Amino acid sequence: MTFSAASELHTVPEFTYHVTWSLFSSRENKMATYLVCFVLLFSIVNSLKYDPTWESLDARPLPGWYDEAKFGVFVNWGIYSVPAFSSEWFWWQWKGQKMPAVVDYMQKNYRPDFTYADFAAMFTTEFFVPEEWAEMFQDSGAKYVVLSSKHHEGYTMWPSKYSFNWNSNATGPNRDLVGELAAAVRAKTQMKFGLYHSMFEWFNPVYLNDKDSGFKKQDFVRTKTMPELYELVNAYQPEVIWSDGDWEANDTYWNSTNFLAWLYNESPVKDTIVVNDRWGHGCPCKHGGFFSCTDRYNPGKLQKHKWENAMTIDKFSWGFRRNARIEDFLTIEQLLSQLISTVSCGGNMLMSVGPTKYGTISPLYQERLRRMGQWLRVNGDGIYGTRPWVHQNDTVVKNVWYTMKKGATETDVYSILLEWPDNNLVKLGAPITSSDTTVTMLGYPDKLMWTAGAGGKGINIQIPPLSVKTVPCKWAWTFKMTGLQN
């Protein structure tokens, strides 16, 4: 028995009830009834098949782990980490766009006949210890990690059968970088492992030939894009596929819906996999799993669909840059503002770090990761597993964001302040208190004193005098409120 994901599944419980109750009507056989109900329902749900249409695919529920996670680390690493100049779009900026600064850099520092492929031998990764990376990412508070398996340059970070000598096992480090990090993440942490994959390649002649045909030909999709995706899923079983490089052609050229139907119906990760929305021109913010929409997407207001803010610590690049300045990097206060506002509005944040060609993560990236972890160890209760509240921002005070958790008997509301209040007095306009309201500060052991705001609207929370040693954290403070009327 099969059902379209968008059609008849809602009728299953009623159908099961009538069939089984007619078979077992006596009180003595109720347990048998429940068992048959369970078996039938389990059988029907497990036979559910998604059709290769957006109507059907978009109806698939997002696996619950993703919304619970809230925070992930994005690892952008590839041949572009060798020149480590300008951005990960270095090859295109040099040979496609012909950006003057990049052209000048190459003319001054490399021989005239130097090619981008020559960088591959310098991608050595000799200091890459995947177990150290895995533990570092987990210590940051991340619940999932996404590694770039292939960027638009076409170099695969695994020994792909479909990339000949342009892969990490054949040219460069002679290592399966995807496989090594996947194994370390699963052996050393509780994080989920995911992969970024670019659908197109800037200078691949097969792709350019398809493009010249107005994408009537699909030779590149048939021989490169799709074989790579199936290979990645079957070999490494990622729980995130972060697709990109789709925008020049529509989803029918990329054969996206057929791949996603296989991914949801038959793949080894069909029950846990999540995907984004970059599956062809016109798809972002419209079709797919979670919506990534645009780079660094943070709308600042509640969204109807689950979304992700994929963003960078370096304001100008997803990868490592040797010419970056200290002011080019977001501060911990700015990173926390991004995380908190994202989660308050129903999103996840995927924060990019750029490793070096040697396989190291620079001390500045490490410091930001460590500080994120320090903050989340104190304040994670207001982030992980939360849902948007009735308010995202406060109605009176700026730089205040709300999240909430619903328990069996009560709702916990979290108010996260980005700025320390004057006179240790927090004045909030959105909460409506009751006689049962209690207030605590995450990381502080005692309950806090509070009074209702004027006219019974809002709440005034008094923070006791705190020393440098007793204040729970250095940036962004979380107040947990129970027993509110809203």
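The model is predicted: local features need pLDDT of at least 70, side-chain atom pairs count only at pLDDT 80 or more, and totals for chains, interfaces and linings use all residues. Residues are numbered from 1 along each chain as its sequence is written, and side-chain values use heavy atoms, with hydrogens and water left out.

**Stop 1: helix α10**

Begin at the residue that follows α10, namely Gln237, where phi is positive, near 50°. Gln237 is not a glycine, and it lies in the loop between α10 and β4 (240-244). Helices (H or I, at least four residues) and strands (E, at least two) are DSSP runs, numbered from the N terminus. Most residues other than glycine have a negative phi. Gln237 counts as partly exposed because its relative accessibility is 37%; buried means under 20% relative accessible area, exposed over 50%, and partly exposed in between (1.4 Å probe, protein chains only).

Now select residues 219-236, which form α10. The 18 residues of this helix should span 26 Å at 1.5 Å a residue, and the end C-alpha atoms are 25 Å apart, which agrees. The expected span is 1.5 Å times one less than the number of residues. Centre the view on Met226, where α10 has a kink of about 30°, shortly before the proline Pro227. The bend at a residue is the angle between axes fitted to the seven residues ending there and the seven starting there. Both Met226 and Pro227 are among the buried residues of α10, as are Phe220, Leu229 and Tyr236.

**Stop 2: α10 against α12**

Axes are lines fitted to C-alpha atoms, for helices over the stretch in contact, and angles run from 0 to 180 degrees between N-to-C directions. Angles under 35 degrees count as roughly parallel, over 145 as roughly antiparallel, 65 to 115 as roughly perpendicular and the rest as oblique. Which residues of α10 and α12 make the contact? On α10 they are Met226, Leu229, Tyr230, Val233 and Asn234, and on α12 they are Asn258, Phe259, Trp262 and Leu263. Contact means heavy atoms within 4.5 Å.

**Stop 3**

Move to α14, residues 363-379. At 1.5 Å a residue, its 17 residues should span 24 Å, and the end C-alpha atoms are 24 Å apart, in agreement. Buried residues here include Leu364, Arg368, Met372, Trp375 and Asn379. Among the elements covering the buried residues of α14 are β1 (71-75), α7 (130-139), β7 (347-353) and β9 (411-417).

Another covering element is α13 (332-344). The two helices α13 and α14 pack at an angle of about 55°, with their axes 10 Å apart, and this angle makes α13 oblique to α14. Display Ile332, Leu335, Leu336, Leu339 and Ile340 of α13, which meet Arg368, Arg371, Met372, Trp375 and Leu376 of α14.

**Stop 4: two single residues**

Select Ala476, in the loop between β13 (459-462) and β14. Its phi is near 60°, a positive value in a residue other than glycine. Is Ala476 buried or exposed? Ala476 is buried, with a relative accessible area of 3%.

Finish at Lys211, in helix α9 (residues 205-212). Lys211 counts as partly exposed, at 36% relative accessibility. Lys211 and Glu248 are 37 residues apart in sequence and 8.5 Å apart in space, C-alpha to C-alpha.
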